[in-house]
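Please look over the sequence and the fold before reading on.

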Amino acid sequence: MADPTRVLILGGTAEARELAGLLERDERFAVVSSLAGRVANPRLPVGETRIGGFGGVDGLSAYLAGVDVLVDATHPFAARISAHAAAAAERTGTPLLAVVRPPWASQAGDRWTRVPTVAAAAAALANRPGGTAFLTTGRQDAHEFAALDAWRFLIRVVDAPSGPLPRRHELLRSRGPYAFEDERALLRDNGIDVLVTKNSGGELVSAKLAAARDLGIDVVMVDRPVLACARTLDSAAAAYHALR
């Protein structure tokens with residue numbers, strides 16, 4: 001039998017874990033999953049896993065000497081590693097696939113304000129008179145809202161932020177998935193006026209959008225960065241089929 005195809009998955013998402021599981025059961029592939037290491041206790045995929053960065057494009061390019069196919073299955077907002085993956089794949093001639101879950105789309109009854117960046121989301125709040133905001137953009141972006149003293153923030157994160165935080169805030173440390181009724185109660189009981197979130201897509205954390213729609217709550221939605229990879233697939237199953 002021919003040597004297995006060596007696949008490196010840049011992961012940390014549900015899609016990456018699902019793809020690793022599919023490849024682990026197929027003897028035609030040898031898979032390594034790579035996690036950035038930014039979450040203290042990440043959900044680990046099956047099979048071999050490495051945690052930590054590569055050292056930029058140069059380091060990733062060197063690692064790809066032992067890889068046949070590179071799969072970028074990182075978070076839709078992990079723009080830096082996706083750019084590094086595209087550059088390293090081009091430099092080394094390594095085939096590159098990207099697994100990108102479909103973005104959320106607004107529905108009837110939604111009250112979305114779309115913005116290009118988290119900084120623009122903070123500016124959108126600064127132009128409002130104040131209130132209570134539910135912030136779900138992640139711990140690395142919470143500092144963007146630190147100067148908004150007119151607002152009270154409920155900040156949901158997996159790990160605590162390390163940078164400056166708004167003067168009036170409460171941290172809610174938890175990890176999805178979340179149910180609609182729980183999200184609705186959270187928004188209602190905390191008197192949320194605005195939900196601030198990134199358009200990460202997927203089902204794990206989408207219930208907050210349905211809850212905001214049901215309660216008539218405004219949503220400031222941060223659009224995704226443009227992905228550098230030319231070939232994208234919308235699911236782990238599609239990526240596995242392409243690899244086969």
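The model is predicted: local features need pLDDT of at least 70, side-chain atom pairs count only at pLDDT 80 or more, and totals for chains, interfaces and linings use all residues. Residues are numbered from 1 along each chain as its sequence is written, and side-chain values use heavy atoms, leaving out hydrogens and water.

**Packing of α1 and α7**
- Helix α1 (residues 14-24) packs on helix α7 (residues 236-243) at an angle of about 40°, and their axes are 9 Å apart.
- The residues E15, E18, L19, L22 and L23 of α1 meet A236, A237, A239, Y240 and L243 of α7 (contact means heavy atoms within 4.5 Å).
- Of the residues in the contact of α1 with α7, eight are nonpolar, none is polar and two are charged.

**Burial of α1**
- Buried residues (under 20% relative accessible area, 1.4 Å probe, protein chains only) in α1 are E15, A16, L19, A20, G21, L22 and L23.
- These buried residues of α1 pack against β1 (5-10), β2 (29-35), β4 (69-72), β5 (96-99) and α7.

**Helix α3**
- Helix α3 (residues 79-92) has 14 residues, which should span 20 Å at 1.5 Å a residue; its end C-alpha atoms are 20 Å apart, in agreement.
- S82, A85, A86, A88 and A89 are buried in α3, and their cover includes β1, α2 (56-63), β4 and β5.

Technical notes: Axes fitted to C-alpha atoms, helices over the stretch in contact; angles between N-to-C directions. Helix = DSSP H or I, 4+ residues; strand = E, 2+ residues; numbered from the N terminus. Nonpolar A, V, L, I, M, F, W, Y, C, P; charged D, E, K, R; others polar. Buried < 20%, exposed > 50% of the residue type's maximum accessible area, 1.4 Å probe, protein only. Expected span 1.5 Å × (residues − 1).
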